[in-house]
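Please examine the sequence together with the three-dimensional model shown below. The paragraphs that follow lead from the chain as a whole to individual residues.

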Amino acid sequence: MNKKLDEDKAFEQKLKGKMGWKCSCSLEIVDKKCSLKKVVCKGCGKVFKTNRDVEYCFDCEKL
């Protein structure tokens, strides 16, 4: 049939075997938790997400 299609299916089966029969689209990168946290600015009350340890948004931080 189509050699490219057969190679893709073989590669997909190889991935499934390495990942414990998960879907080949679910890679380890996707499974990791997000490092962003939701913070409410103590200056203006704006809600924003950041990976830094801050209590103020960028606008209030500048002041």
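Among contacts in the protein chain between residues at least 6 apart in sequence, 0% join residues at least 24 apart; a contact here means heavy atoms within 4.5 Å. The model is predicted, so that local features need pLDDT of at least 70 and side-chain atom pairs count only at pLDDT 80 or more, while totals for chains, interfaces and linings use all residues. Residues are numbered from 1 along each chain as its sequence is written, and side-chain values use heavy atoms, with hydrogens and water left out.

The predictor's confidence in each residue is given by pLDDT, on a scale from 0 to 100. The average for the protein chain is 76, and 62% of the residues score at least 70. Where pLDDT is low, the predicted coordinates should not be read in detail.

The protein chain contains three helices and two strands, and along the sequence they follow the pattern α-α-β-β-α. These elements are DSSP runs numbered from the N terminus: helices are H or I runs of at least four residues, and strands are E runs of at least two. Of the 63 residues, 14% count as buried; buried means under 20% relative accessible area, exposed over 50%, and partly exposed in between, with a 1.4 Å probe and protein chains only. The chain exposes about 5900 Å², of which carbon and sulfur atoms supply 56%. Such areas come from the Shrake-Rupley method with a 1.4 Å probe, and for residues only the protein chains shown count as cover.

How do the two strands pair? Strand S1 (residues 37-40) and S2 pair in the antiparallel sense over four bridges, where pairing requires that DSSP find at least two bridges between two strands. Val40 has Val47 in S2 as its bridge partner. The two strands form a hairpin with six residues between them, and in the turn Gly45 has a positive phi of about 85 degrees.

In a regular strand the side chains alternate between the two faces of the sheet.

In soluble globular proteins, nonpolar side chains tend to be buried together. Leaving aside neighbours within four places in sequence, Cys41 is in contact with Lys46, Phe48, Glu55, Tyr56, Cys57 and Cys60.

Another cysteine, Cys44, lies in the loop between S1 and S2. Is Cys44 buried or partly exposed? With a relative accessible area of 48%, Cys44 is partly exposed. Not counting residues up to four places away in sequence, Cys44 touches Cys57 and Cys60. The C-alpha atoms of Cys44 and Cys57, 13 residues apart along the chain, are separated by 8.2 Å.

Thr50, in strand S2, is buried because its relative accessible area is 7%. A polar atom of the Thr50 side chain lies 3.0 Å from the backbone nitrogen of Arg52. Beyond its neighbours within four places in sequence, Thr50 is in contact with Ser35, Leu36, Lys37 and Val39.

Two of these partners can be followed further. Lys37, in strand S1, is partly exposed at a relative accessible area of 36%. With neighbours within four places in sequence set aside, the contacts of Lys37 are Phe48, Lys49, Thr50, Arg52 and Asp53. Ser35 lies in the loop between H2 and S1 and counts as exposed at 57% relative accessibility. Ser35 and Thr50 are 15 residues apart in sequence and 8.2 Å apart in space, C-alpha to C-alpha.

Methods:
A polar contact is a pair of N or O atoms within 3.5 Å; within protein, one must be able to donate a hydrogen and the other to accept it, and residues adjacent in sequence count only if both atoms are side-chain atoms.
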